[in-house]
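User: Could you walk me through this structure before I set anything up? I'd like to go through it topic by topic.

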Amino acid sequence: MKKIPIIIFLFTLLVMIAIISSCRSTSSLAEAKSGAQLWGENCLRCHNSPSPESFSDEAWDVAVMHMRIRANLTEPEAVKIAKFLKTAN
Amino acid sequence: MKNRYLVFFLFLMFSLVSQKSDAQEVQSTDEIQKLKQEIEHLKNESETYKPGKSNFLLRGYAHSGLQITDEEFSFVGGSFNPLFIYKQSDRLLFESEWELELTGGEVELAIEYANMSYLLSKNLTFRAGKILVPFGIFVPNLHPAWIHKFSAAPLGAGHDGIIPTNDIGLELRGGSYLGDFKVNYSFYAVNGSQLNDGEENPEEAGILHHAIFPDNNKGKTIGSRIGFFPFSDSSLELGFSGMYGKVGAKETEMEDITALHYAFDFSYVKTLSSLSSVLDLKGQFSAVNVDDANYPFHENPDDLITFDNNSSTWFAQASLRPALAENNFVRSLEFAGRYSTLKTPEGSEWETDQTQIDLGINYWIDWRTVFKMSYRISNGAADEHDEEPDGHGGAEGNAFFFHWAIGF
């Protein structure tokens, strides 16, 4: 009896992974957004938004990768945000 | 005649040689230029491999404060949390946060998380190690003292709360677009919580302990969180989390006892130009249901007791920061309020039904250095399961807090 919820859960999980990994990492709307806009929309969702001057280019590379994972950003979003932060710092 | 030939010959030789050396000169300056460029390139490249310069970040935060109640006036909750982030390559990242905390006069060292992430694709990351459990938003996104806007975590969410904090396991996470609709997700398998069977400490019978190692059983706990962004500007996120697994120790009567944790969370952050402010609303409802079991009764451990082992907790918070105001002082202010509750099982030794209201004014020195001043109104019974008053919520009675937090 106890195993049933686990099996259902695992099954849903597999289906979800299959669906989601075939999803797109961008949309036409997201594609139209600039790095500055993505930064403005995403980087204040959890904490105060750091200004581009807060870090050097090299430090931004590491911090943005860290935040890409923490905030579940897609690759195109993270690339645009990093580019914006590095040109505006 | 001979001399003439000789002169001509010498002249020819000289002009050839000098022409050649001219050509050589041109060629060698080209080469030097090339070499210079190559050296510059190598120099730049080698810079990126220097530790502490490029792919390694040492960050973290520290916080501490002062608590004033009817009975006491004390400095509380000194903690220093260094964070190490190492970007090994464009796909591989290691992160680890430690916590050095002063509790009861002693320094405790804990590893909050230590894991490796590998970017599998544009929208999927694999993680392994000790992770912050992606259950709701408080633990993974808000727990650092410079992020959550109050002097302590909400009820139920601290280290001794009822929601999972950190654990060892594997995780797949990422974000994608379903049309213009953004979602993010996380699926994981971890060791899971452990049920206190009351054998050693009947007062705690039925409590789930999180982040205890090694595991007490073979079964893994699995869980997931899905977050939806209904608006295209990502201002609103609605999240659903679930976690299920065995919590009883193997080869005991409790072996088959399972626990189901679930949570709903929301976050709405929007810049309101009409108020020159950033409005931030966040909340999370979390509950845990543990299968029924018989536990030893604390007054006479030979007698057995049972109860519906269900607990729940929720918090909702709002803050407004006039971040776009002209005046520098006004721009650094933030007004914040939070309501939180915690209910643990009726009939258990650790039964409690508490609420807290926190009202605060914060002053931001920079984006992650803050002075927090808050007043707390607490209601309800607080007993065994109550949390320390030093940063994890749960002080009884009303209290004033002055707190500072710095992220570096």
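This is a predicted model: local features need pLDDT of at least 70, side-chain atom pairs count only at pLDDT 80 or more; totals for chains, interfaces and linings use all residues.

User: Okay, chain A to start with. How many helices and strands does it have?

Analyst: Chain A has 5 helices and 0 strands, so that, read from the N terminus, its elements run α-α-α-α-α.

User: And how much of chain A is buried?

Analyst: Buried residues account for 45% of the 89 residues in chain A. Its accessible surface comes to about 4500 Å², and 69% of that belongs to carbon and sulfur atoms.

User: What share of the contacts in chain A join residues at least 24 apart?

Analyst: Counting contacts between residues at least 6 apart in sequence, 64% join residues at least 24 apart.

User: Switching to charges. How many salt bridges are there over all chains?

Analyst: The structure holds 18 salt bridges over all chains. One of them pairs A:K86 with A:D61, where the closest N and O atoms are 2.7 Å apart.

User: Why would you say that pair ties parts of chain A together?

Analyst: Because A:K86 lies in helix 5 (residues 75–88) and A:D61 in helix 4 (residues 57–70), the pair ties together parts that are 25 residues apart in sequence.

User: What does A:R68 pair with?

Analyst: A:R68 forms a salt bridge with A:E75, with the closest N and O atoms 4.0 Å apart. Here A:R68 counts as buried at 9% relative accessibility, whereas A:E75 is partly exposed at 29%.

User: Now chain B. Are B:R225 and B:E237 buried or exposed?

Analyst: B:R225 counts as buried, with a relative accessibility of 8%, and B:E237 is buried as well, with a relative accessible area of 6%. Their side chains meet in a salt bridge at 3.0 Å, N to O, and this pair links distant parts of the chain, with B:R225 in strand 10 (residues 221–229) and B:E237 in strand 11, 12 residues apart.

User: Which residues are linked in a network of salt bridges?

Analyst: The network of salt bridges links A:R70, B:E95, B:R127, B:E171 and B:R173.

User: On to the surface. Which residues gather in a patch of negative charge?

Analyst: The patch of negative charge on the surface gathers B:D292, B:D308, B:E346, B:E351 and B:D353. Of these, B:D353 lies in strand 18 (residues 353–366) of chain B, and it is partly exposed, with a relative accessible area of 44%.

User: Which residues form the nonpolar patch?

Analyst: That patch on the surface is formed by B:F80, B:I365, B:F371, B:W404, B:I406 and B:F408, which together have about 530 Å² of accessible area. Within it, B:W404 has its place in strand 20 (residues 399–407) of chain B, and its relative accessible area of 33% makes it partly exposed.

User: Last one, a loop residue. Where is B:A249 found?

Analyst: B:A249 is found in the loop of chain B between strand 11 (236–246) and strand 12 (258–272), and it counts as partly exposed at 24% relative accessibility.

Methods: Residues are numbered from 1 along each chain as its sequence is written. Chains are lettered from A and ligands numbered from 1 in the order in which they are written. Side-chain values use heavy atoms; hydrogens and water are left out. Patches are made of residues with over 30% relative accessible area and no salt bridge: like charges are joined within 9 Å, nonpolar side chains (Val, Leu, Ile, Met, Phe, Trp, Tyr) within 5 Å. Accessible areas come from the Shrake-Rupley method with a 1.4 Å probe; for residues, only the protein chains shown count as cover. Lys and Arg count as positive and Asp and Glu as negative; His and the chain ends are not counted. The place of a charge is taken as NZ of Lys, CZ of Arg, CG of Asp or CD of Glu. Helices (H or I, at least four residues) and strands (E, at least two) are DSSP runs, numbered from the N terminus. Buried means under 20% relative accessible area, exposed over 50%, partly exposed in between (1.4 Å probe, protein chains only). Contact means heavy atoms within 4.5 Å.
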